[in-house]
Structure formats: C-alpha cells, structure tokens
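Please load the model in your viewer and keep the selection panel at hand. The stops below are arranged so that each selection leads to the next.

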Amino acid sequence: MINNYSTTIHKAIFLMALLFCLQGSAQTNALGSWNIINVKLNINKKWSAFAEAQLRSLEFYNSFHYYEYKAGATYIFDKNFSLTAGLGKYKTYAEGGNFKRPISNDEIRTWLQINMKQQINRFQFEHRYRAEQRFTSNNYKNRFRYRLSLIVPIKKEKIEPKTFYVTIFNELFFTNNAPYFERNRFYVGLGYEFTNTFSMQTGYVSQFDYKLTDETGRNFFLISMYFNLDWKKMKAGFIPENID
C-alpha cells in the first residue's frame, strides 16, 4: 500500500511539474507562493463558523505583496446545499519588494455565497456562487464569482483520515461594469487528510487578470492547512488528534 501511495504521489508531482514548465514557457512571470491557514468550527448540525488568513508573494517566498484575513458563518440546509456570509480585510502592495509601498489596494469586503455539491461515485463536484461587495481604496465595486471544483480521493471511496485526494478547480470573476470579465483562476493540487481535524494541500495556481489593480495575475505554488474543529468536543475538553 505504501508503494502504491508513493507511485501516486510521484505521478501527481510529475503532473504538477509539467504544468509549471508549460505555464512558465507561456509567461515570463516567476513562480510565486500562496499560503493559507483555515480554521472551521462546527457549532451544530446546521451552523459552522470559519476564520482564514492568506499570504502571497510574487516570487518564491520573496516579494510578498498581498495578505488577507477574513471570517464568516455557514448555514447548512442539507449535505449538498449551504449558504455562507463573510467579512474580510485585503491589502495589496506595490511590486518590487516585500510589502513595498505605496499600497495598491486597501479593501474591506463582504460577501454572500451559495455552495452546491454533487456526488457521483467517488467524484465530488462543487458549485460555488459568490456575490462580493468591495469597499476599496479606489471606490466601491461589485463582483460575482463562480467556481467549479472536483475532489477525488485516491485509493479510497471517500475522504477520511489517512487519505490522499486530488483537487481541481476553475473560477471565473465578473463585475456589473464593462468589460465585465475580470479574472480566471485555475488550481490543481494534492491533499492529505491526516486526521478528522487536520488536512493539508499543496498545488499549483495559475491566475489571469484583465485590467485589475488589486492583484496582478501570476503563477503560484500553494500550500494550505485546514483545521476542522467541533464545538461540543472542545467544550468537553477535547484535544485535537496528534498528526501522524
């Protein structure tokens, strides 16, 4: 089984490396970094809350130019349909250094989001629709986003502790002003669920922007950590499982 996992990982790494090379031949942009920490707190069967922080750089862990932090709440109608509301702070700095001034964009953002899931055998599709209200340092803007994701566990029927999985998504960004289209974001990555409370992902993000000033389109190496906590267990003195 270990050999099978090793073979799968090597194939995934080779695929991502190939994508890096292909993308690099099309653009002269250096590969940046994209880092995420997300904490989800399950309050009960219907409600959950989350907090997230992101840090991005235009070169590989250098030229840090962007960070954000946000929080929100989700109401779960059923296992395939949920509604989320969020609030966040977003800052983009000038290129050419670490948090170099002047600040290109200083933004407070609110949003409403609908998530819809479809399970087909081992394949989980997710449709995410988001309407954003952006209070930027330039002016007020509306934005609308649609993301289609595919998550597939490797060697297992579902994602559970000690499971590798592949995630692929593409997201489109639009506004209510001409030319309407703003951005396309593509991601492919490999994740591993260590325990019921902790998982990690690493992968490749390719982002294309059309006349945006809040962040320029780039290619990124992404690494993310996700903590999934339970309110009732925490109240009872629960300590998250150790990472194997």
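Residues are numbered from 1 along each chain as its sequence is written, and side-chain values use heavy atoms, with hydrogens and water left out.

**The whole chain**

Display the cartoon: the protein has 2 helices and 11 strands. Helices (H or I, at least four residues) and strands (E, at least two) are DSSP runs, numbered from the N terminus. Along the sequence, the elements follow the pattern α-β-β-β-β-β-β-β-β-β-β-β-α. Of the 244 residues, 40% count as buried; buried denotes under 20% relative accessible area, exposed over 50%, and partly exposed the range in between, with a 1.4 Å probe and protein chains only. Among contacts (heavy atoms within 4.5 Å) between residues at least 6 apart in sequence, 50% join residues at least 24 apart.

Next, colour by pLDDT, the predictor's confidence in each residue, from 0 to 100. The average is 86, and 82% of the residues score at least 70. Select residues 20–28, where the pLDDT is below 50 and the stretch has 5 contacts beyond near neighbours in sequence. Residues 239–244 also have a pLDDT below 50, with 10 such contacts in the model. Where pLDDT is low, the predicted coordinates should not be read in detail.

Select strand S7 (residues 140–153) and strand S8 (residues 163–174), which run antiparallel and are joined by 10 bridges. Two strands pair if DSSP finds at least two bridges between them. Val152 has Val166 in S8 as its bridge partner. S8 and S9 form a hairpin with 6 residues between them, and Tyr180 in the turn has a positive phi of about 75 degrees.

**Thr74**

Move to strand S3 (residues 62–78) and select Thr74. Thr74 is buried, because its relative accessible area is 12%. Its side chain makes a polar contact of 2.7 Å with the side chain of Thr84. A polar contact is a pair of N or O atoms within 3.5 Å; within protein, one must be able to donate a hydrogen and the other to accept it, and residues adjacent in sequence count only if both atoms are side-chain atoms. Leaving aside residues up to four places away in sequence, Thr74 touches Lys46, Trp47, Ser48, Ser82, Leu83 and Thr84.

**The aromatic rings**

Show the side chains of Phe60, Tyr61, Phe64, Tyr67, Tyr69, Tyr93, Phe99 and Phe221, which form one aromatic cluster. The whole structure contains 22 aromatic pairs. Rings of Phe, Tyr and Trp (its six-membered ring) pair if their centres lie within 6.5 Å; planes under 30 degrees apart count as stacked, over 60 as edge-to-face and the rest as tilted. The rings of Tyr67 and Tyr93 have centres 6.3 Å apart and planes at 35 degrees, so this pair is tilted. The pair links distant parts of the chain, with Tyr67 in strand S3 and Tyr93 in strand S4 (residues 81–94), 26 residues apart. Tyr67 is partly exposed at 23% relative accessibility, whereas Tyr93 is buried at 8%.

**Glu107 and Arg109**

Select Glu107 in strand S5 (residues 100–120). Glu107 counts as buried because its relative accessible area is 1%. Which side chains does the side chain of Glu107 meet in polar contacts? One is that of Arg109, at 2.7 Å; another is that of Arg134, at 2.8 Å. Stay with Arg109: its charged end sits over the ring of Tyr90, 3.8 Å from the centre. A charge sits over a ring if NZ of Lys or CZ of Arg is within 6 Å of the ring centre and within 35 degrees of the ring normal.

**His127**

Finish in strand S6 (residues 123–135) at His127, which is buried at 17% relative accessibility. The side chain of His127 makes polar contacts of 2.8 Å with the side chain of Gln118 and of 2.8 Å with that of Tyr146.

Methods
Predicted model: local features only at pLDDT ≥ 70, side-chain atom pairs only at ≥ 80, totals over all residues.
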